[in-house]
Structures are given as C-alpha cells and as structure tokens.
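Grab a pencil and work through these exercises on the structure shown below. Try each task yourself, then check the solution.

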Amino acid sequence: MKEQMLRATLVGPKKIVLDRTEVPSPAKGEVLIKVCRVGVCGSDSTIYFGRHPYVTFPVIMGHEFSGEVEALGEEVDKPAIGTRVTVIPHLVCGICKACESQNYNLCESLRCTGAEADGAHVQYICMPQEMVIPIPDTMTMDDGAMVEPACVAYHGAKRGEIQNTDTVLIIGAGPIGIFCMESCKALGAKKVVIADRDGERLCLAEKLGADGTIDVSVEKLEDGLTRILGGAREVDVFYDCVGEKGKVLDQILQIAGRGTRIVIIGVLQNGYDIPHLPDFVQHELRLSGTTMYTPQDYKEMIQLMGEGTIKIDGMISHYFTLDQIKEVFEMIENREEKFFKIMIKVNE
C-alpha cells in the first residue's frame, strides 16, 4: 500500500473536507514536493466563499508555497532531492509564443494551481520541473512561501517603469501593497509613500522602508500628499493595490498630474464605477494592468530576499497547521481578530 497524506478539499462554498489519499508519484518532467509552508491569499477567501469566477468545485486551494524536493520524475535530474524550493503555481501549454519566452502569465492555456487546478493544501504535490525554483540558505521556508505574493507586487512595480528620479504613491497597505513599496524602493525609486486606512498596516510599512505614510481614516489623501511631498502633482507613478469597485482608481484619476503613470495591481470587480475615466485620455495618463509574474521575476525576487533587500519581517500574523484549515477560514469569515498574512505549516 502506498504512503498516505493529508488533503484538504473545498467541495463547495464554505465546505472543506479533510481526508487522506495516496502520495502522488511524479510523472515525466515533474518534481514531487514535500510541502512545508502555504500562505493564505485574499483570492483564497474569494474561492472559499464561492465568489471566484474561474473556479469550479471540488478544488484543493493553496498557491503560495514552499517545500523540499522529495522525488524526481523521468527525465528530471534537478533540483536534487532535499533541495529547499519555492514554486511558480502555473500549469501552461509550453508551446505558445508566450511560453517560448517564459512569459507564462500570458499563456492562453494558463491554469493556476489552487484555483483552476489543485493546489498545495496537501502534504505532497507534483509540479512541472520548470516551475520549481531553489531558494538559498539565507531564506526561510516562510520567505519561500512569500515569494509568490512578493512577485505579484514586483511584477506590477516593474510595470510602472520606475526611474531613480520617481516619486511613488501606493494606495493599499496589505501584503501586496507593502511588497510593492519594497519593490519600488529596490527598483530605485527616489521616494515611496503609501496610504491606507489601517494605522497598524502603515506602521509596518514604515518599519519596512516607506518614506511616508498617509492614514486616510484621519487625513485626506490630498492633504497627506501636501504634507509629505508638497502636493499630489509631485507623484510620478501611482499604484492601485486595492482594485475592487474602482473607487481608488477614480481618486487617482482626479489627482494625478498630466502625463503620469498609473498601475492597477488590485483586481477590479464587476460593476466597477469609475466616473473620471475620461481624464485618462484627456490628461494623457499611462494606465497599465498587471497579472501575476514570470520566472525572471521569481529569480530576481529570490535574490532580493536572499540578500535582505526585500523583507517579510512582521508580515506573518498567524500560523496554523493543515489540519486546522477550517479554523483559518472561520476566523476570516467571522472577523474574530485582525490578521495580516496567515501561514499554514505542513509536514511538521
């Protein structure tokens, strides 16, 4: 009888089933990974509540993860067994123009593990060799699981074409917003300011390197920009790390100087309301979208994390184990306490 492993399956909205199943064997070109850490993303909550437009049930969630190489499939000779790794959670066709240039985020057949394909809420998972990236000894397993959200922000930050003379405003100080702030600093921005309505999140952003913070629960955004920069027109690049119904984007459109750049990293929802969108044309603004990341982003982020340029200090607020996965989403649903990044420990 093959070795058994724990598995958490979302069989329908708000219905997680824990059971045991056989440990999978890696197919040709695959790597078997012993999962060690899995981060909980905002999109996981969307899936859990049945609100994700691309997910069907049953599904195993989990796309932010790190682990160790357990076994290699046929025609795979690396990474060596025992190597500590992070994982790009992409399943792609491998033959289209995007895949040939390793822009896997643009593959028309892209499926993401944890959403369109089963993910890492298991003790072991098989992934294609090209999606398995070793991490250095200077990085922890927590760091490894945080590479994925960090790369979402880093890829988005690069879409702003940061110059060393740029002043940046980021709206939204969640994990993506704070990683975007750190990424803009790493890319050479002259000054990076971040705004949110949560003072604790802004304190964390300040500890991790923000040049200024604006608590919009106590101060108007424009007043904060005047206090820190002398005015909104001093901002060269805006990042919307909120998305939702477009309220933040519309606010940016109202205050952005002519010819400035805007990047939307937060996901816009259906039914958005952006009445000032015509200003995008009239003011010759540059509006960029961004989706996920590339292997090159992963390699650069691993170097930045490994050398300590981008840090996760203070970001992880809660730890749970895989068999406590129901409690994770009950806490999120009931809003029993404030949290930032929730991390699941597996195989400990």
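**Exercise 1.** Find which residue in E8 is the bridge partner of Leu32.

*Solution.* Step one: Leu32 pairs with Cys126 in E8. Step two: look at the strands around that pair; E3 (residues 30-40) and E8 run antiparallel and are joined by five bridges. Strands here are DSSP runs of E with at least two residues, helices are runs of H or I with at least four, and both are numbered from the N terminus. Two strands pair if DSSP finds at least two bridges between them.

A quick note on the model: it is predicted, so local features need pLDDT of at least 70 and side-chain atom pairs count only at pLDDT 80 or more, while totals for chains, interfaces and linings use all residues. Residues are numbered from 1 along each chain as its sequence is written, and side-chain values use heavy atoms, with hydrogens and water left out.

**Exercise 2.** Work out whether the two faces of E8 are covered or open.

*Solution.* Step one: E8 spans residues 124-128, and five of its five residues are buried (under 20% relative accessible area with a 1.4 Å probe, protein chains only).

**Exercise 3.** Explain why H3 counts as largely enclosed.

*Solution.* Step one: H3 covers residues 141-159, so count its 19 residues. Step two: 17 of those 19 are buried, so the rest of the structure largely encloses H3. Step three: just after H3, check Glu161, which has a positive phi of about 50 degrees.

How values were computed. Expected span 1.5 Å × (residues − 1). Buried < 20%, exposed > 50% of the residue type's maximum accessible area, 1.4 Å probe, protein only.
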